[in-house]
Amino acid sequence: MKNNFLQRTITGVVFVAVLVGCILGGPISFTILFCVISALTINEFGTLVNATGQVQMNKSITILAGVFLFLCFGYIGVVPGSNEIFIPYLFLILYLFISELYKQQKDPINNWAYSMMSQLYIGLSFALLNLLAYHNSAATSVSQYNPVLPLSIFIFTWINDTGAYCTGMLFGKHRLFERISPKKSWEGSIGGAVFCIIAAVVLSHYFTFLTMGEWIGLGLTIVVFGTWGDLTESLFKRTLGIKDSGNILPGHGGMLDRFDSTLMAVPAAVVYLYILSLI
């Protein structure tokens with residue numbers, strides 16, 4: 001028990017340090033980090049679905065497509081309007097469909113379905129971080145990298161997870177979604193939301209490009225959709241009959257386990273900020 005706790009702690013500290021350091025380090029480290037994360041997560045997803053024996057997802061091409069999609073959104077962030085960058089990505093998607101004509105697999109429909117799921121569920125979610133990271137300056141019409149919004153997604157996610165866990169352990173009585181995740185409680189979820197509201201108030205004092213109300217709205221968006229993201233990945237694992245999605249992070253499981261909340265929180269945050277005309 002003690003060794004497992006120590007392992008989890010060390011892994012967690014290193015994980016947070018690398019993530020925060022690369023996001024704050026600038027656009028190059030940000031891009032490298034999330035290209036690697038996208039590749040590892042899609043690879044893990046493909047390994048899990050292929051292990052069922054019913055699917056033969058083309059991991060090499062889906063990984064390449066997911067990484068290239070992230071680079072496409074990053075390029076659009078730096079050079080707005082350069083939509084031609086997506087053309088090679090479209091060829092990769094066409095290849096995933098056309099190749100099934102010649103591979104003679106027993107279930108090409110599922111191969112297509114899971115390949116596209118890897119792009120929508122994982123590739124697109126990470127790629128959308130670029131919409132939060134790059135902003136056009138009204139004064140200079142030059143795109144600038146700002147790490148605050150993408151980093152805030154993870155800050156809210158971590159605070160929500162920690163607050164929900166602590167509050168749930170102390171006060172949790174009413175199950176939030178017992179069929180999928182028996183340990184989650186309404187009390188824990190509410191506690192996580194309260195901690196995120198406090199964090200949003202603090203962030204609003206240091207980063208005034210969003211008002212306090214807008215920061216709170218962003219935090220609550222992360223709480224709601226991050227929780228749904230967690231539950232979605234739990235359903236995915238229950239369907240496959242596994243406990244952890246992988247073991248790449250000692251004591252913490254796999255990449256899907258670590259980024260399950262993020263995969264829904266990022267698209268929701270983009271929609272929220274777009275509705276407010278903030279991106």
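Of the 279 residues of the protein chain, 47% count as buried, where buried means under 20% relative accessible area, exposed means over 50%, and partly exposed lies in between (1.4 Å probe, protein chains only). This is a predicted model, in which local features need pLDDT of at least 70 and side-chain atom pairs count only at pLDDT 80 or more, while totals for chains, interfaces and linings use all residues. Residues are numbered from 1 along each chain as its sequence is written, and side-chain values use heavy atoms, with hydrogens and water left out.

**Overall form**

The protein chain holds twelve helices and four strands. Helices (H or I, at least four residues) and strands (E, at least two) are DSSP runs, numbered from the N terminus. Along the principal axes, the C-alpha atoms of the protein chain fill a box of roughly 55 × 55 × 35 Å. The radius of gyration of the protein chain is 19 Å, which agrees with the value near 19 Å for a compact globule of 279 residues. That radius is taken over C-alpha atoms, and the globule rule is 2.2 Å times the number of residues to the power 0.38. Among contacts in the protein chain with a separation of 6 or more, 65% join residues 24 or more positions apart; contact means heavy atoms within 4.5 Å.

Helix α2 covers residues 27–50. From its first C-alpha to its last, α2 reaches 34 Å with 24 residues, close to the 34 Å expected at 1.5 Å a residue. The expected span of a helix is 1.5 Å times one less than its number of residues. Helix α2 is mostly covered, with 17 of its 24 residues buried.

Helix α3 (residues 59–78) has 20 residues and should span 28 Å at 1.5 Å a residue; its end C-alpha atoms are 29 Å apart, which agrees. At the start of α3, a side-chain oxygen of N58 comes to within 3.4 Å of the backbone nitrogen of S60.

**The nonpolar core**

The largest nonpolar core has 65 residues, and those with the most contacts inside it are F34, F126, F156, W215 and L218. Such a core is a set of buried Ala, Val, Leu, Ile, Met, Phe, Trp, Tyr and Cys residues joined through side-chain atoms within 4.5 Å. Helix α2 gives the largest share of this core, ten residues. In soluble globular proteins, nonpolar side chains tend to be buried together. Leaving aside residues up to four places away in sequence, F156 touches C196, A199, A200, L203, W215, L218, G219 and I222.

**Cysteines**

The structure holds zero disulfides, a disulfide being a pair of cysteine sulfur atoms within 2.5 Å. C22 is in no disulfide, and the nearest cysteine sulfur, that of C35, is 12 Å away. C196 is buried because its relative accessibility is 0%. The sulfur of C196 is 13 Å from the closest cysteine sulfur, in C166, which is too far for a bond.

**Two buried serines**

S38 is found in helix α2, and S125 in helix α6 (residues 108–127). At 0% relative accessibility, S38 counts as buried. The side chain of S38 reaches the backbone oxygen of F34 at 2.7 Å. Beyond residues up to four places away in sequence, S38 touches I122 and F126.

With a relative accessible area of 4%, S125 is buried. A polar atom of the side chain of S125 lies 2.7 Å from the backbone oxygen of L263. With residues up to four places away in sequence not counted, S125 touches L120, L263, V266 and P267.

T232 lies in helix α10 (residues 212–240). T232 touches Y121 and M264, not counting residues up to four places away in sequence.

Q104 is placed in the loop between α5 (100–103) and α6, and has a positive phi of about 55° although it is not a glycine. S277 lies in the segment after α12 (262–275); its phi is near 60°, a positive value in a residue other than glycine.

The relative accessibility of these residues is listed below.

| Residue | Relative accessibility | Class |
|---|---|---|
| T232 | 30% | partly exposed |
| Q104 | 73% | exposed |
| S277 | 62% | exposed |

Notes. Polar contact = N/O pair within 3.5 Å; in protein donor to acceptor, adjacent residues only side chain to side chain.
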